[in-house]
Amino acid sequence: MANPAEKDTTDKNVTAIRGKVLSSQSELDPKDRPLEEFADWCQQRGHIVVLKSGMILTSDPTSRDVQNCKTMLINRGIRPGRVMAATEELVTLLLANVAPDEDQKEAKETTSISSQQQRLRLLIQEAVNENVSDIHIEVRPDVARIRFRKFGEMYVHAEWFPRLGREIASVAFNKETDHATAHFNPLVPQDASMPLEVNGNDVRLRLASMPAHGGFDVVMRILGVGDQAKIVTLEDLGYTPEQAYIIKRAVQMPHGAVLLSGPTGSGKTTTLASCMGLVKSSRKVYTIEDPVEKVVPTVTQVPVNSDKDDRSFASFGRAALRMDPDYIVLGEMRDEATVNVMVRAAITGHLVFSTVHTNSATGIITRLVDMGVSRSMLCDGSVLVALIFQRLVAKLCEHCAQPITEALQHKPHMERWEAAFGDLSTIRARGQSCKHCHNTGVGGRTVVAEVVWVDEPSREFIGNGDVIGWEKYLKSQGWKTYKERALELVMEGVVDPFDAETLIGEISQHTDESGFDYNAIRQEMEAADKRTKQ
Ligand SMILES: [Zn+2]
């Protein structure tokens, strides 16, 4: 662990040499915990903590305690590790995480409540600083594992003693939520909402818990981070320039419907916020949301409660129509009543935005028909303007992406991809062991989308219910499906082919949608079989 060149570093210049002060548990090896036999000594001092690896963290690197600590370690037969400067908060957190001696337990329990609240806040602050979307607390008999989700990928942030995990979960539910009267019970699923101030910004968290074998899970989703949640452009989200052009053109239309589809967690809310960012300030916008996730200052955002009829998307949408709107955003169309509000808003001269769950842009029509809208209504020139389908895919971390030819896990699939892409020289794969991406190999996410401008011929296909003919027509006009877009991103070295395949299925030259080639696949299998036998 200890680097010989660093071992003789005098305490005074520790900070200068490192030039870095540790501030988060995620910067440490999650398995490396405070050394229990030194806990008392460290807690008395308050600014120093020794980890099991021998690493010494201190918020006061010039203190004599650092040298004393090294001597004590050597006397116990433990080799001192690196000395690292750390923030006071991190040292306090680590010290508090050491299991107290049994006889001290009683005394501490009475005073620990506010310190647990502090610790919860610190955890959330760390998550917000790291741009995390969800915090998972997994409490089991031997460990409480804290995992973060960022860009869709999970990684271990810290490992706590189970007792601390249980305390933090109770504090979160019992002390910090909107309805703090509810008592946290790990044996039943519970949910709550928590407002909090982090770094001077309002943060809202949605909490959910679930019992698990040997313990329970708590998941905290971090919703809008106050006014700081800046609106990103469509291009930054990953829309191609021509797709962004179509959407911007749609936003300028005087009336009609712009419909956005994609599975849960595909970034629809962010895209809607970007669209609203394009609206001129001389226009009045109502957004009906469940819940309000991103604060858009120029817009009236109305939170609905989908469990209650009188506060549903449909009833608030109808109410918004009486409020002199130019634009209406209906968060989601889940029922016939909401779809009717969408159609009524469009034909009465408003521009309406809404989302729906489908697996393609053209599939939006099928879904609307399923929910009770007539085809003749959908062909009406004043109703549909544009249809958007989007998904999110992991982008490679720029610091550790490697040429695909060097990636071991990808080797067995190389021939298939070579046949599909022809040239693999620009294609890259996820790397490993990189501190920038917490070893996930992922550096962000990008939208993979298809955007349809509903023109006259399209209306005819919609009226006839001919989706296949419609898609053929669109392709003849140069339109690209999201699958084609995903393949482009692989070719550009932006997306790992494995990640693209989680979205679009196996990439192969024989499985093109226009003709699935059974014979070619059979021959390929036989060839592979022969190779393994040789
Ligand atoms: Zn990386």
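**A four-cysteine zinc site in a predicted model**

At 11% relative accessibility, C400 counts as buried, since the cut-off for that class is under 20%. This cysteine belongs to a predicted model, in which its SG atom is one of the protein donors of a zinc ion. The chain around the site has 534 residues, of which 47% count as buried.

**The zinc site**

- The zinc ion takes its protein donors from the SG atoms of C397, C400, C434 and C437, which lie 2.3 to 2.4 Å from the ion.
- The angles among the four donor atoms run from 104 to 117 degrees, and the site is tetrahedral; for four tetrahedral donors the ideal angle is 109.5 degrees.
- Along the chain, the donors of the zinc ion follow the spacing C-x2-C-x33-C-x2-C.
- Because C400 sits in the loop between β15 (384-396) and β16 (402-403), while C437 sits in the loop between β17 (428-429) and β18 (442-453), the pair ties together parts that are 37 residues apart in sequence.
- C437 is buried as well, with a relative accessible area of 4%.

**The chain as a whole**

- The secondary structure of the chain comprises 20 helices and 18 strands, and its C-alpha atoms fill a box of roughly 85 × 70 × 45 Å along the principal axes.
- Among contacts in the chain with a separation of 6 or more, 64% are between residues 24 or more positions apart.

**Surface and charge**

- The chain carries 62 positive and 73 negative charges, whose mean positions are 2 Å apart.

Note on methods. Residues numbered from 1 in each chain as written. Predicted model: local features only at pLDDT ≥ 70, side-chain atom pairs only at ≥ 80, totals over all residues. Heavy atoms only, no water. Donors = N, O, S within 2.8 Å, 3.2 Å for Na, K, Ca; no water. Tetrahedral: all angles 85-135°; square planar, octahedral: opposite > 155°, others 65-115°. Helix = DSSP H or I, 4+ residues; strand = E, 2+ residues; numbered from the N terminus. Buried < 20%, exposed > 50% of the residue type's maximum accessible area, 1.4 Å probe, protein only. Contact = heavy atoms within 4.5 Å. Lys, Arg positive; Asp, Glu negative; His and termini not counted. Charge placed at Lys NZ, Arg CZ, Asp CG, Glu CD.
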